[in-house]
Amino acid sequence: MKAFAEYLFLKGSRGATSRLRLVSYRLLGMKLGLRNRMEGGGRVRRCSQIEIGSYNAFTQGAWLWPNDVDCDGIRIRIGDRNYFNRNLMIDACGLIEIGDQNMFGPDVYITDSNHRFDPGLAPNEQPMDVGKVKIGNRCWIGAKAVILKDVELGDGCVVGAGAVVTKSVSPGAVVAGVPAKMLPAANYSLRLTGGAR
């Protein structure tokens with residue numbers, strides 16, 4: 001009985017709130033598949049510029065943030081069965097595409113643009129360089145990773161916690177560091193298997 005009460009109080013109410021939130025986003029023009037979950041604490045704008053497939057889970061604090069100007073197309077496109085941990089931010093001025101079955105750790109930031117730095121102009125007057133980001137399928141993005149403009153992550157790659165990804169990553173590769181660099185297979189295969197005993 002206690003477990004059932006806990007479920008109703010902690011999970012049931014969040015599920016109902018999530019469904020209501022997604023209905024609202026759909027009414028505002030977001031293209032949504034089936035059985036998604038989006039917890040509160042974040043923000044969404046320009047719903048008509050966002051397309052989300054089915055069976056995705058967005059935990060507390062997801063920000064889906066297309067550029068706040070009119071656009072007839074999609075700026076954020078997300079496939080199916082992705083898991084986004086706490087405090088995700090997807091900041092899209094051009095196009096950010098995410099495939100299927102990816103896992104994102106907490107505090108991940110993804111952007112497809114950056115401010116230029118021209119002498120004599122204040123930071124808020126700097127023009128933007130707009131590109132795109134493409135994340136393949138079955139990738140694992142560690143906590144606090146940052147993925148920057150014009151990066152493509154190939155299928156099955158791993159981005160280490162805290163990495164800043166400035167260049168595209170080959171399918172199946174493991175990258176870590178600032179800026180992110182590919183780890184030699186020997187370095188991460190020992191970690192994945194628990195190493196020599």
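Predicted model: local features only at pLDDT ≥ 70, side-chain atom pairs only at ≥ 80, totals over all residues.
Residues are numbered from 1 along each chain as its sequence is written, and side-chain values use heavy atoms, with hydrogens and water left out.

Helices and strands are named here as DSSP runs numbered from the N terminus (helices H or I, at least four residues; strands E, at least two), and two strands are taken to pair if DSSP finds at least two bridges between them. On this basis, six strands form an open sheet in the order β1-β4-β7-β10-β15-β18, with parallel pairing. Its edges are formed by β1 (31-32) and β18, each of which pairs on one side only. Within the sheet, strand β7 (residues 76-78) is joined to β10 by three bridges, the two strands running parallel, and Ile78 has Ile98 as its bridge partner in β10. Strand β15 (residues 132-135) runs parallel to β10 and is joined to it by four bridges; here Ile98 is partnered by Ile135, while Leu95 stands opposite Lys132.

In a regular strand the side chains alternate between the two faces of the sheet. Strand β10 (residues 95-98) is covered on both faces, since Leu95 and Glu97 on one side and Ile96 and Ile98 on the other are all buried, where buried denotes a relative accessible area under 20%, exposed one over 50%, and partly exposed the range in between (1.4 Å probe, protein chains only). With neighbours within four places in sequence set aside, Glu152 is in contact (heavy atoms within 4.5 Å) with Lys134, Ser168 and Val169.

In soluble globular proteins, nonpolar side chains tend to be buried together. A nonpolar core is understood here as a set of buried Ala, Val, Leu, Ile, Met, Phe, Trp, Tyr and Cys residues joined through side-chain atoms within 4.5 Å. The largest such core comprises 39 residues, among which Leu64, Ile110 and Leu153 touch the most other members. Two or more residues of this core come from each of α1 (2-27), β4 (50-52), β7, β9 (89-92), β10 and β15. Beyond its neighbours within four places in sequence, Leu64 is in contact with residues including Met38, Val44, Ile50, Ile52, Phe58, Ile76, Leu88 and Ile90.

Rings of Phe, Tyr and Trp (for Trp, the six-membered ring) were paired if their centres lie within 6.5 Å, with planes under 30 degrees apart counted as stacked, over 60 as edge-to-face and the rest as tilted. A search of the whole structure finds three aromatic pairs. In one of them, the ring centres of Trp63 and Trp65 are 5.1 Å apart and the planes meet at 65°, so the arrangement is edge-to-face; Trp63 is partly exposed at 28% relative accessible area, whereas Trp65 is buried at 12%. Phe84 and Phe104 instead form a stacked pair, with 4.7 Å from centre to centre and 20° between the planes. This pair links distant parts of the chain, with Phe84 in strand β8 (residues 83-84) and Phe104 in strand β11 (residues 103-104), 20 residues apart. Phe84 is buried at 0% relative accessibility, and Phe104 is buried at 2%. Phe58, Phe84 and Phe104 form one aromatic cluster.

Thr59, in the loop between β5 (57-58) and β6 (63-66), is buried at 8% relative accessible area, and its side chain reaches the backbone oxygen of Asn85 at 3.4 Å. Not counting residues up to four places away in sequence, Thr59 touches Arg37, Glu39, Tyr83, Phe84, Asn85 and Arg86. Glu39 lies in the loop between β2 (37-38) and β3 (43-44) and is buried at 15% relative accessibility, with its side chain reaching the backbone nitrogen of Gln60 at 3.3 Å.

Definitions and conventions
Polar contact = N/O pair within 3.5 Å; in protein donor to acceptor, adjacent residues only side chain to side chain.
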